[in-house]
Amino acid sequence: MIWQNNPYSIPFAIAAVLMLPVAFAAWRRRAVPGALGLVGIALSSAYWAICSSLQWASADIFAQLFWFKAHYIGTHLLTFSTLVLIVHYTTQSHPFRKTKNYLPLLIVIAILQTLIWTNEGHGLFIR
């Protein structure tokens, strides 16, 4: 992989580093309602920021495309973690309190990831 000096990658790297203490602090308080959702939000945001930073720092178009596809994992898990945070923080007796009820959402995320990584065959996401 060929790397380039790009000032746009620095804020993403800083954001990724700043999200890790948030995830650690939320993990230490994981018994509090919504804490596990916050851990997911912090870790997926850090992953998204790292992938975006590496995308900006890559000079090769194929590496940029790889990191562009990889950052979608973070965005999908970010929305999923936000739902977990909202449900756990606001209610105590919601159907989504049970882990098995999250499975259909995770299957949708897996299907989306498969479509993103196989985009060259169908062109649904990137032209």
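**Close-up views of a predicted model**

At 56% relative accessibility, glutamate 120 counts as exposed (over 50% relative accessible area; buried is under 20% and partly exposed lies in between, with a 1.4 Å probe and protein chains only). The model is predicted: local features need pLDDT of at least 70, side-chain atom pairs count only at pLDDT 80 or more, and totals for chains, interfaces and linings use all residues. Residues are numbered from 1 along each chain as its sequence is written, and side-chain values use heavy atoms, with hydrogens and water left out.

**View A. The salt bridge between lysine 69 and glutamate 120**. The closest N and O atoms of this pair are 2.6 Å apart. A salt bridge here is a side-chain nitrogen of Lys or Arg within 4 Å of a carboxyl oxygen of Asp or Glu, and the count by this rule comes to 1. The pair links distant parts of the chain, with lysine 69 in helix H3 and glutamate 120 in helix H5 (residues 119-122), 51 residues apart. Helices are DSSP runs of H or I with at least four residues, numbered from the N terminus. Lysine 69 counts as buried because its relative accessibility is 5%.

**View B. The largest nonpolar core, with 5 residues**. Its members are Phe80, Val84, Val87, Tyr102 and Ile109. Helix H3 (residues 61-90) supplies the largest share, 3 residues. Such a core is a set of buried Ala, Val, Leu, Ile, Met, Phe, Trp, Tyr and Cys residues joined through side-chain atoms within 4.5 Å. Not counting residues up to four places away in sequence, valine 84 touches Gly37 and Tyr102; contact means heavy atoms within 4.5 Å.

View C. Ser9, Ala16, Ala23 and Ala26 are buried in H1. Seen down the axis of H1, the buried residues fall within an arc of 95°, so they line one face of the helix; the arc is that of the directions from the helix axis to the C-beta atoms. On the other side of H1, Val17, Leu18, Phe24 and Arg28 are exposed. H2 is included in what covers the buried residues of H1.

**View D. Leucine 43 in helix H2 (residues 35-57)**. Leucine 43 counts as partly exposed because its relative accessibility is 45%. Leaving aside neighbours within four places in sequence, leucine 43 is in contact with Leu20 and Ala23.

Conventions. Helices (H or I, at least four residues) and strands (E, at least two) are DSSP runs, numbered from the N terminus.
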